[in-house]
Amino acid sequence: MFNSQQLDNYRLSTPENIPGVETSSAQFGADQTGVQSMNQPAETASRPLDPYMAFPALVDEVFAFADSLYRAGYTDSATAYLERFRVIKPLWLQWERRADSLLNEFGKTRAEKSKQFDPMVLKIQNMNRAQSAYSLVAETADSLIALSPGDSLVNWANGQKNIAYTNTLQKARRELSEIRVLAEGHAEFNAAQAKLKEFQLRYRDFEDSLQTAALAARIAELAAVADSVAKDYWAKHDPAQALAQADTLTRQEKFPQAKELLNKLMFSNLRQQALEKYNALADAYCNKQRKVTSQLFTKSQKQKDEQNKKSLLKDAIDSLDNCLVEYPDYSQKQKVLDNMEFLKKELAK
């Protein structure tokens, strides 16, 4: 058994002066743990160490090196090397005491610092309890973040913003549904358009999530049809027969004719049934376009000529775009947009 003084005086053999010794430790560089090898210059480190990963990695190096000495026949050197490793324990206890001291100091500083942010924290909490508008919560949370309150409070403030966004989005969707009913259910287009404009001003941060532009386009379309349908039109035509005809046109994939007829039926006594058929028409049309897109994409992947491939991808994108042009408020709009984004990335390759 060696003591520490004997180890310091012991001439330890190393891989560099042991002919023919192969050791993984001599090959080590910085790995995914962020740890440096014993043979890597300190100035090459570019990331902070993760102690939980770094120390086990270093210990693995020690055992690998000791094993390389042993396998090369340098048993005494391997023993001395591991003995040197064993006497690190007092250092480890010293490091633990230092870590505890620093943690105590950090904790006091954090506690003192957090007190000054308590009023803003309480304000944000109360705003979310009252389900205040996202814009108000976000403004207060951003003010807190700007004061650099520390990682924990920054993460908390961002989490509160997400809660406020979700709360406001749910409220906005309920309001938007009421505007849709006003237009499609009661044909009060002027009132619906006025409410939608005011709605867009209040929910500017939610344009993408709520797709209010699509509803605006739909209301405008219905308003235009209303102007073209004479007041006595349905006195001279049978709405039930027209509804059945629209259903037939949809099955026959005569989509423009079906859409025109269903829009007119929105101003008959079968408004609700016409709306249901209209949604079914949108599904049928867009599913057809998505099927065409899938076929075009599959065909594009088989092309050896790059220009032909790009041309087919463009046609595939156009097919999806047709769906959104014809039915901007299509229920599966986000899925269509995601597919278009994928195809655009393929086109850009």
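## Burial and salt bridges

Student: Which is aspartate 329, buried or exposed?
Tutor: Its relative accessible area is 18%. Buried means under 20%, exposed over 50% and partly exposed in between, with a 1.4 Å probe and protein chains only. Aspartate 329 is therefore buried.

Student: What kind of model is this?
Tutor: Residues are numbered from 1 along each chain as its sequence is written, and side-chain values use heavy atoms, without hydrogens or water. Local features need pLDDT of at least 70, side-chain atom pairs count only at pLDDT 80 or more, and totals for chains, interfaces and linings use all residues, since the model is predicted.

Student: Which helix has the lowest mean pLDDT?
Tutor: pLDDT is the predictor's confidence in each residue, from 0 to 100. Helices are DSSP runs of H or I, at least four residues, numbered from the N terminus. Helix H12 (residues 239-251) has the highest mean, 94. At 38, the lowest belongs to helix H1 (residues 4-9).

Student: Which residues are in contact with aspartate 329?
Tutor: Aspartate 329 sits in the loop between H15 and H16. Leave aside its neighbours within four places in sequence. The contacts are then Arg180, Glu184, Ala214, Arg218 and Tyr278.

Student: How far apart are the closest N and O atoms of arginine 218 and glutamate 184?
Tutor: They form a salt bridge, that is, a side-chain nitrogen of Lys or Arg within 4 Å of a carboxyl oxygen of Asp or Glu. Arginine 218 lies in helix H10 and glutamate 184 in helix H7 (residues 151-185), so the pair ties together parts 34 residues apart in sequence. Both residues are buried. Their closest N and O atoms are apart by 3.6 Å.

Student: Which residues are linked with Asp329 in a network of salt bridges?
Tutor: The whole structure has 14 salt bridges. The network links Asp329 with Arg180, Glu184, Arg218, Glu221, Lys259 and Glu326.

Student: Which helices are among those covering the buried residues of H16?
Tutor: The buried residues of H16 are Lys333, Val336, Met340, Leu343, Glu346 and Leu347. They lie on the same side of H16, because their arc around the axis (directions from the axis to the C-beta atoms) is only 140°. The cover includes helices H10, H14 and H15.

How values were computed: Helices (H or I, at least four residues) and strands (E, at least two) are DSSP runs, numbered from the N terminus. Contact means heavy atoms within 4.5 Å.
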